Amino acid sequence: MILVLTWLVAALCVALAAWAGWRAARDQPVILRQLFGAGAVEAVLVVQVVVVAVLLAAGEEVADAVTLWGYLVSMLLVLPAAAAVSFVERTRWSSVILALAALTTGFLQYRVLELWTA
């Protein structure tokens, strides 16, 4: 289950980063639909955190639980922070910020996958 969620979030993050990058290349700011997309990624992240918590409580072993939780909590904070900045910054840089946040979240998913499968 964790693998499916990890790949789903990674795919959603790449799609969101590509969308935001496209708008940044066209010198356009973030639009509300992109923030809804970031909200969808965030919803899947919340589901993933709940699944990880349940699996760890059920006795699953992970290589480094502290690092895993650090990554999970960081992922929950990155996209909302980027959305807040994007809401305030109404230039193309809001698209750049959202793209970087989506790529950061995708990379953190990769690290979670490494920790989970180690």
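**Exercise 1.** Work out whether Val54 counts as buried or exposed.

*Solution.* Start with the cut-offs: buried means under 20% relative accessible area, exposed over 50%, and partly exposed in between (1.4 Å probe, protein chains only). Val54 has 51% relative accessibility, so Val54 counts as exposed. Before going on, note that this is a predicted model, where local features need pLDDT of at least 70, side-chain atom pairs count only at pLDDT 80 or more, and totals for chains, interfaces and linings use all residues. Residues are numbered from 1 along each chain as its sequence is written, and side-chain values use heavy atoms, with hydrogens and water left out.

**Exercise 2.** Find the helix that holds Val54.

*Solution.* Helices are DSSP runs (H or I, at least four residues), numbered from the N terminus. Val54 sits in helix H2, residues 32-57.

**Exercise 3.** Which residues make a salt bridge, and how exposed are they?

*Solution.* First, the rule: a side-chain nitrogen of Lys or Arg within 4 Å of a carboxyl oxygen of Asp or Glu. That rule gives 1 salt bridge. Next, the partners: the side chains of Glu114 and Arg111 meet at 2.2 Å, N to O. Both are in helix H4, 3 residues apart, or about one turn of the helix.

Key: Helices (H or I, at least four residues) and strands (E, at least two) are DSSP runs, numbered from the N terminus.
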